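Colleague: I would like to learn how to read strand pairing and helix packing in a model. Please take me through some cases.

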Amino acid sequence: MKLATYKDSSRDGQLVVVSRDLSTAHYATGIATRLQQVLDDWNFLSPQLQDLYETLNQGKARHAFPFEPAQCMAPLPRAYQWADGSAFINHVELVRKARNAEVPESFYTDPLMYQGGSDDFMGPCDDIVAADEAWGIDFESEVAVITSDVPMGASPEQALDGIRLLMLANDVSLRNLIPDELAKGFGFVQSKPATAFSPVAVTPDEAGDAWTGGRLHLTLQSTWNGRKVGMCEAGPEMTFSFGQLIAHLCKTRNVRAGSVIGSGTVSNKDWSHGYSCIAEKRAIETIENGAPKTAFMKFGDTIRIEVKGKDGQSLFGAIEQKVVAAR
């Protein structure tokens, strides 16, 4: 099942069911108006949405209309929680190696994670707005999940059962603001603006056998200014599965329905796969040549993030954004 949220005059938009090929959609109004409603009552409402989804795929939905990603908000426009992990240890290794810093042993057994703002997510085609190019504007191509309730102390296996939907994320970073914030010893705030998500969120079964062990075994494509810069494998080198990330998050507290958890930048040891964020490209340049040469994003730059299934079709639709100056 594929779900999206269309823009309307409200903060939370209107829930729509989207066909498997992303060509048509149908308002879910008779079942639920908001995705959060469905997450709060999944066992009752999701079968009804599944029935509508099957009808839509068969071409029998009476009030179907062409699906337009530009009309989408984030699938969950605002959430109770957004926690982003750093599940690809290769990314951490590269960034630290570039500044001659060791990776602590604990990083290989205990995930890194930060809590970001979840009150104002961006839609897949919304502009990335920044006041200053000097802030070091960067994209971060990621996989993300939306959970149901997961109880405190859940094991990774139990946490996996709490995953309801998968999607893509662009966890925008302002790299040049990060050092001063981290130096305070209290984490990211200003350096992590609003995060964007793919047009649709999908139930794990839509990925078929590519979804296994709490990892999405597909290629994450990043296209910057029309040039494909990343074809990174999102599954094999994910050090911590989504089950482990969620278990880490709920070690000391409950995780409630509507929580969004990110994988962190998808990263591969084989540099020929490219990169999922500019910071990693700059780290590689520093390791190889002693200094970075690739600049961060400028006003007018574009980024496209997409995953295609084994059938060659777009699984989530694409995040397509442009960087613009704040007015």
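Colleague: How many bridges join β7 to strand β20, and in which sense do they run, parallel or antiparallel?

Modeller: Two strands pair if DSSP finds at least two bridges between them. Here β7 and β20 (residues 319–325) run parallel and are joined by three bridges. Valine 129 stands opposite valine 324 in β20. Strands (E, at least two residues) and helices (H or I, at least four) are DSSP runs, numbered from the N terminus.

Colleague: What are the numbering and the cut-offs behind this?

Modeller: Residues are numbered from 1 along each chain as its sequence is written, and side-chain values use heavy atoms, with hydrogens and water left out. The model is predicted: local features need pLDDT of at least 70, side-chain atom pairs count only at pLDDT 80 or more, and totals for chains, interfaces and linings use all residues.

Colleague: Which strands stand at the edges of the sheet that holds β7?

Modeller: In a regular strand the side chains alternate between the two faces of the sheet. This sheet is open, has five strands in the order β7-β20-β19-β16-β17, and its pairing is mixed. β7 (128–130) and β17 (227–233) are at the edges with a single partner strand each, so one side of each has no neighbour in the sheet. From one strand to the next, the twist averages 20 degrees.

Colleague: How many residues lie between β2 and β3 in their hairpin?

Modeller: Five residues lie between them, and leucine 22 in the turn has a positive phi of about 65 degrees. Strands β2 (residues 14–18) and β3 (residues 24–27) run antiparallel over three bridges, with valine 18 opposite alanine 25. β3 also pairs with strand β4 (residues 65–66), antiparallel, over two bridges; there, threonine 24 has proline 66 as its bridge partner.

Colleague: At what angle do helices α3 and α7 cross?

Modeller: Two packed helices are described by the angle between their axes and the distance between the axes. Axes are lines fitted to C-alpha atoms, for helices over the stretch in contact, and angles run from 0 to 180 degrees between N-to-C directions. The axes of α3 (residues 89–98) and α7 (residues 278–289) cross at roughly 50 degrees and come within 8 Å. That makes α3 oblique to α7, since angles under 35 degrees count as roughly parallel, over 145 as roughly antiparallel, 65 to 115 as roughly perpendicular and the rest as oblique.
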